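Work through the exercises below with the model open. Try each task before reading its solution.

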Amino acid sequence: MAAGTGGTHQAIQYQPDETPPYRIAIGLALQYVVITIAAIVITVAIVVRAAGGAESYLAWASFAVLLVSGVTTAVQARRIGRVGAGYVLLMGTSGGFIAASVTALVEGGPGLLATLVIASSLFQFGLSWKLALLRRIITPVVAGTVIMLIAVTIMPLLFDLLRQVPEGASPSAAPVTAGVTTLATILIVLRAGGMMRLWGPGSGSRKGPSSPRTSVPRSPRCLRMG
C-alpha cells in the first residue's frame, strides 16, 4: 500500500494495530520525545516564571511533569479495561490551565497548585466519562472559540515575562529573542516539508536565544564569562 505526496510514493510499513521491531520502536520513540519534550516543559516554565517561583521549584516541577507525562503516556499505550486508548497518545501539559495555575501559585503557593491539579483531574475524569452526551454542546465552533480565549488570557502573562531580563542585559533582549523564535518557528512550520515541520518549535527555540548574542550587546561581565 502506498501513499503519494508531492509526486513521491512512500510505502506504509506498519498499520496502527501492528507492533514494529523493538529497534525501530525505540528509535521512533526517542525522536518523538525529543520533538515534544520542549512543549511539555515550556508550560511549566511559563507558570513558574510568571508567578516569580524559585529556580529550585522550577527544576522540581519540570522533573515532576516529565515523570507524570511519561507514566500517563505508558498507561494510554497499554489499555486496561476502560483505562487507556490502546495507542501511543502523548500526555503532557495544557495551556488552558496556565492562567489559573499562575494565580494559584501566587496566592497559595505549591500546595494550592497541587490541590488545583488534583481537583481539575477529577473533573476531567467525570467529563470524559460522559463526553458523548456533550457533543451537541461542545461543537467545533465552541471548542475553537474556547481555545482562542485561552490564548487571550495567557498573553498578558507572556508580555510580563518579556520585561524579565537578566541583570546587565539589554532591555531589547527578550523582545528580540521572542520575535526571532516566533519568526523561525512560523517559517519552518509553513515552508518546510515532511518531518522537518515537526522540528519547527524546537528549532525556533534554539534560534531565538542565540540571536541576542549578535544583535544585543552584553555586559563586560558576560563577555568575560562567555
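**Exercise 1: Helix packing**

In this predicted model, α1 and α4 pack with their axes 10 Å apart, at an angle of about 70°. Classify the arrangement, then describe the contact.

Step 1. Angles of 65 to 115 degrees count as roughly perpendicular. Therefore α1 is roughly perpendicular to α4.

Step 2. List the residues that meet. From α1 come I46, R49 and A50. From α4 come L157, L158 and L161.

Step 3. Sort the contact of α1 with α4 by class. Five residues are nonpolar, one is charged and none is polar.

**Exercise 2: The course of α4**

Step 1. Helix α4 covers residues 140-162, which is 23 residues.

Step 2. From first C-alpha to last, α4 reaches 33 Å. That is close to the 33 Å expected at 1.5 Å a residue.

Step 3. Look at I154 in α4: a kink of about 30° lies there.

**Exercise 3: Burial in α4**

Which residues of α4 are buried, and what covers them?

Step 1. Buried means under 20% relative accessible area. In α4, I154, L157 and L161 are buried.

Step 2. The cover over the buried residues of α4 includes α1 (22-50) and α3 (98-129).

**Exercise 4: The whole chain**

Step 1. The protein chain has eight helices and two strands. Along the sequence, the pattern is β-β-α-α-α-α-α-α-α-α.

Step 2. Of the 226 residues in the protein chain, 19% are buried.

Conventions. Residues are numbered from 1 along each chain as its sequence is written. This is a predicted model: local features need pLDDT of at least 70, side-chain atom pairs count only at pLDDT 80 or more; totals for chains, interfaces and linings use all residues. Side-chain values use heavy atoms; hydrogens and water are left out. Helices (H or I, at least four residues) and strands (E, at least two) are DSSP runs, numbered from the N terminus. The expected span of a helix is 1.5 Å times one less than its number of residues. The bend at a residue is the angle between axes fitted to the seven residues ending there and the seven starting there. Buried means under 20% relative accessible area, exposed over 50%, partly exposed in between (1.4 Å probe, protein chains only). Contact means heavy atoms within 4.5 Å. Axes are lines fitted to C-alpha atoms, for helices over the stretch in contact, and angles run from 0 to 180 degrees between N-to-C directions. Angles under 35 degrees count as roughly parallel, over 145 as roughly antiparallel, 65 to 115 as roughly perpendicular and the rest as oblique. Ala, Val, Leu, Ile, Met, Phe, Trp, Tyr, Cys and Pro count as nonpolar, Asp, Glu, Lys and Arg as charged, and the others, Gly among them, as polar.
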